[in-house]
Amino acid sequence: MTHKVTLDGWYDTEGGFMPIYEEGTSLNEIVYRLQKDDEDFGHTDMEFKLELPTGEIKDVAKLISRIVTNA
């Protein structure tokens with residue numbers, strides 16, 4: 001059984017704030033998918049929480065920024 005994580009929050013676009021609610025197998029997988037849809041994802045102002053399968057919630061905006069910078 002695959003455990004899912006949920007990314008919930010927003011990021012700034014030219015058109016304003018873009019709300020995001022995405023599920024995936026990992027934060028990296030979700031970030032890759034979102035960046036494929038919008039190359040600016042992760043490079044603008046953002047606020048994101050990641051819900052782990054255990055129910056724990058983590059602030060991941062800085063981590064997302066590092067992921068896209070190193071990609």
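Guide: Begin with a definition: two strands count as paired if DSSP finds at least two bridges between them. Keep in mind that this is a predicted model.

Visitor: Which residue of strand 2 is the bridge partner of Val5?
Guide: The partner is Gly24. Strand 1 covers residues 5-13, and its antiparallel pairing with strand 2 runs over nine bridges.

Visitor: What joins strand 1 to strand 2?
Guide: A hairpin does, through two residues.

Visitor: What holds the strands of a sheet to one another in general?
Guide: Backbone hydrogen bonds do, and the strands they pair may be parallel or antiparallel.

Visitor: How many bridges join strand 1 to strand 3?
Guide: Six bridges join them, and the two strands run antiparallel. For one place to look, find Trp10, which stands opposite Glu47 in strand 3.

Visitor: Which residues make the contact?
Guide: Helix 1 contributes Leu27, Asn28, Val31 and Gln35, while helix 2 contributes Leu63, Ile64, Ile67 and Val68. Sorted by class, six residues of this contact are nonpolar and two are polar, with no charged residues.

Visitor: Take Val68 of helix 2. Is Val68 buried or exposed?
Guide: The cut-off for buried is under 20% relative accessible area. Val68 has 5%, so it is buried.

Visitor: What is Val68 in contact with, leaving aside its neighbours within four places in sequence?
Guide: The contacts of Val68 are Val31, Gln35, Phe41, Gly42 and His43. Asn28 is 40 residues from Val68 along the chain, yet their C-alpha atoms are separated by 9.3 Å.

Visitor: Next, the salt bridges. How many does a search of the whole structure find?
Guide: The search finds four. To count as one, a side-chain nitrogen of Lys or Arg must lie within 4 Å of a carboxyl oxygen of Asp or Glu. One of them joins the side chains of Arg33 and Glu22, at 2.4 Å from N to O. That pair links distant parts of the chain, with Arg33 in helix 1 and Glu22 in strand 2 (residues 16-24), 11 residues apart.

Visitor: What separates Arg33 from Glu29 in helix 1?
Guide: About one helical turn separates them, because they are four residues apart in that helix. Arg33 and Glu29 also form a salt bridge, with their closest N and O atoms 2.9 Å apart.

Visitor: Why do Arg33, Glu22 and Glu29 count as partly exposed?
Guide: That class lies between buried, under 20%, and exposed, over 50%. Arg33 has a relative accessibility of 26%, so it counts as partly exposed. Glu22, at 23%, belongs to the partly exposed class, and Glu29 is partly exposed at 28%.

Visitor: Which strands are linked by the pair Lys49 and Asp59?
Guide: The closest N and O atoms of this salt bridge are 3.7 Å apart. Lys49 is in strand 3 (residues 46-51) and Asp59 is in strand 4 (residues 57-59), and 10 residues separate the two. Lys49 is partly exposed at 39%, whereas Asp59 is exposed at 55%.

Visitor: Which residues do salt bridges with shared partners join into one network?
Guide: The network consists of Glu22, Glu29 and Arg33.

Conventions: Residues numbered from 1 in each chain as written. Predicted model: local features only at pLDDT ≥ 70, side-chain atom pairs only at ≥ 80, totals over all residues. Heavy atoms only, no water. Contact = heavy atoms within 4.5 Å. Nonpolar A, V, L, I, M, F, W, Y, C, P; charged D, E, K, R; others polar. Buried < 20%, exposed > 50% of the residue type's maximum accessible area, 1.4 Å probe, protein only.
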